[in-house]
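I opened my notebook to record what I looked up in this structure. My entries go from the whole chain down to single residues.

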Amino acid sequence: FEWTHKRMTGEEFPASVLLTRVEGKEEGVLQATVRDISVQKKVEKAMVETVKLKTDFTSMVSHELRTPLTSIREGVAIVLDGSAGEINEEQAEFLGAAKRNVDRLARLINDVLDFSKLEAGKMPLRMKASDIKETVKEVVSAQQVNARGKQIDLTMSVEGDIPEIKFDKDRIIQVVANLISNALKFTPREGNVNVWLFMRETAVCVSVNDTGLGIKEDDVPKLFQEFRQLDNKDERKTGGTGLGLAISKKIIKQHGGDIWVESELGKGSKFMFSLPVERKQKILVVDDEKEIRDLYRKLLERAGYVVLEAGSGMDGIMKAQEEDPELIILDMRLPDITGYEVIGRLRSESDTLAIPVLAVSGYEEALAELDKLESSLESSAIPRMNKPFDNEVFVSMVKSMLRRLE
């Protein structure tokens with residue numbers, strides 16, 4: 001647990017205190033290890049502030065750039081269509097290049113804004129039961145003009161019965177459009193791009209298959225990283241922001257799905273994503289007592305949630321990063337690091353910053369210390385509950401916290 005201690009000079013400092021039983025000694029003999037965590041606390045606070053500053057700065061700069069870019073684009077368009085007088089072929093060529101670059105900058109700004117919102121957890125999904133086939137068909141139809149321009153055969157196929165599922169239509173259109181656009185970019189003239197829908201266990205899968213350039217095996221892990229473009233001359237010619245796939249990954253993860261790629265250099269690629277037929281909210285339980293975790297699992301699964309487990313603080317942080325749960329139920333006293341340290345680290349990483357935490361403890365003083373943590377992180381109140389708790393009250397509190405996210 002964490003506590004505030006005093007140095008010989010009387011100066012107070014935050015410390016982590018670990019109590020362990022001394023082997024070979026009589027029962028009840030404990031050893032206390034006190035660790036000064038002043039620097040860690042300063043780093044955690046600085047990281048949270050850095051994430052917030054980066055998000056605010058990105059948003060401000062992007063919005064400030066949009067207005068002049070819009071004016072430039074509209075002005076160039078007016079001159080190009082002859083509304084401001086006749087222009088010669090050479091002038092049209094230069095103006096056309098200017099318009100293409102302005103359009104590219106506008107796309108970059110939109111992508112940066114979207115990515116910034118997703119990082120900060122400020123892009124909530126508008127989930128609604130819809131026909132995913134019709135949504136994909138809509139995107140394929142819109143992309144036919146681009147396909148015909150490159151003499152590429154763009155088709156769509158559906159395997160079996162595809163049920164209605166809940167998803168944010170605008171966000172999924174954004175993902176499918178990005179994948180098809182990329183496939184058309186990297187597929188030579190007279191090639192083929194096929195968009196295939198099929199079922200895999202309890203998920204609907206969408207696969208965009210092309211007969212394009214393919215991807216080196218070493219480059220595949222880089223694909224979904226932000227601002228990463230593969231180093232080849234063909235990609236440099238096609239341009240792009242390097243954010244499309246990173247944004248797509250975050251959107252699909254928000255839906256509780258997955259996104260991946262299969263590719264062979266020189267033979268084409270398959271970019272695929274899955275969306276769950278029945279999306280259940282995931283709750284991560286972080287507690288070192290198995291009996292308590294079993295109780296949580298019983299109560300939460302009965303209420304219709306997917307339960308993930310972690311028996312230590314570090315394992316909890318790792319699973320939060322990997323699984324992106326909707327809620328974390330966190331015991332404040334853990335064997336490796338404290339619940340306060342877990343929350344501090346979660347709040348210092350953009351991927352876990354927005355995940356709500358329900359703090360649980362059998363010690364009143366442990367929950368009272370949350371007030372100091374909230375102050376140091378400059379965060380809103382962290383919900384808390386005492387052990388032992390009433391099962392119905394606990395489930396009701398979990399449901400209430402998750403409803404606020406919808």
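My entries follow, starting with how the model was made.

**Ground rules.** I am working with a predicted model, where local features need pLDDT of at least 70, side-chain atom pairs count only at pLDDT 80 or more, and totals for chains, interfaces and linings use all residues. Residues are numbered from 1 along each chain as its sequence is written, and side-chain values use heavy atoms, with hydrogens and water left out.

**Whole chain.** I looked up the secondary structure and found twelve helices and 15 strands in the protein chain. Helices (H or I, at least four residues) and strands (E, at least two) are DSSP runs, numbered from the N terminus. The chain has 406 residues, and 41% of them are buried. Buried means under 20% relative accessible area, with a 1.4 Å probe and protein chains only. Next I checked contacts, meaning heavy atoms within 4.5 Å. Of the contacts in the protein chain with a separation of 6 or more, 67% are between residues 24 or more positions apart.

**Helix 4 and helix 6.** I then turned to a helix pair. Helix 4 covers residues 169-185 and helix 6 covers residues 244-254. Their axes come within 10 Å and cross at roughly 145°. Axes are lines fitted to C-alpha atoms, for helices over the stretch in contact, and angles run from 0 to 180 degrees between N-to-C directions. Which residues meet? From helix 4 I noted Arg171, Ile172, Gln174, Val175, Asn178, Leu179 and Asn182. From helix 6 I noted Gly244, Leu245, Ile247, Ser248, Ile251 and Ile252.

**Asparagine 209.** I found asparagine 209 in strand 8, residues 203-210. Is asparagine 209 buried or exposed? Asparagine 209 counts as buried because its relative accessible area is 17%. Its side chain and that of serine 207 are joined by a polar contact of 2.5 Å. A polar contact is a pair of N or O atoms within 3.5 Å; within protein, one must be able to donate a hydrogen and the other to accept it, and residues adjacent in sequence count only if both atoms are side-chain atoms. Not counting residues up to four places away in sequence, asparagine 209 touches Asn192, Val193, Asn194, Trp196, Ser269 and Lys270.

**Isoleucine 317.** My last stop was isoleucine 317, in helix 8, residues 313-323. Isoleucine 317 is buried, with a relative accessible area of 8%. Leaving aside neighbours within four places in sequence, isoleucine 317 is in contact with Ile337, Val342, Arg345 and Leu346. I also checked glutamate 341, which is 24 residues from isoleucine 317 in sequence and 10.0 Å away in space, C-alpha to C-alpha.

Conventions: Buried < 20%, exposed > 50% of the residue type's maximum accessible area, 1.4 Å probe, protein only.
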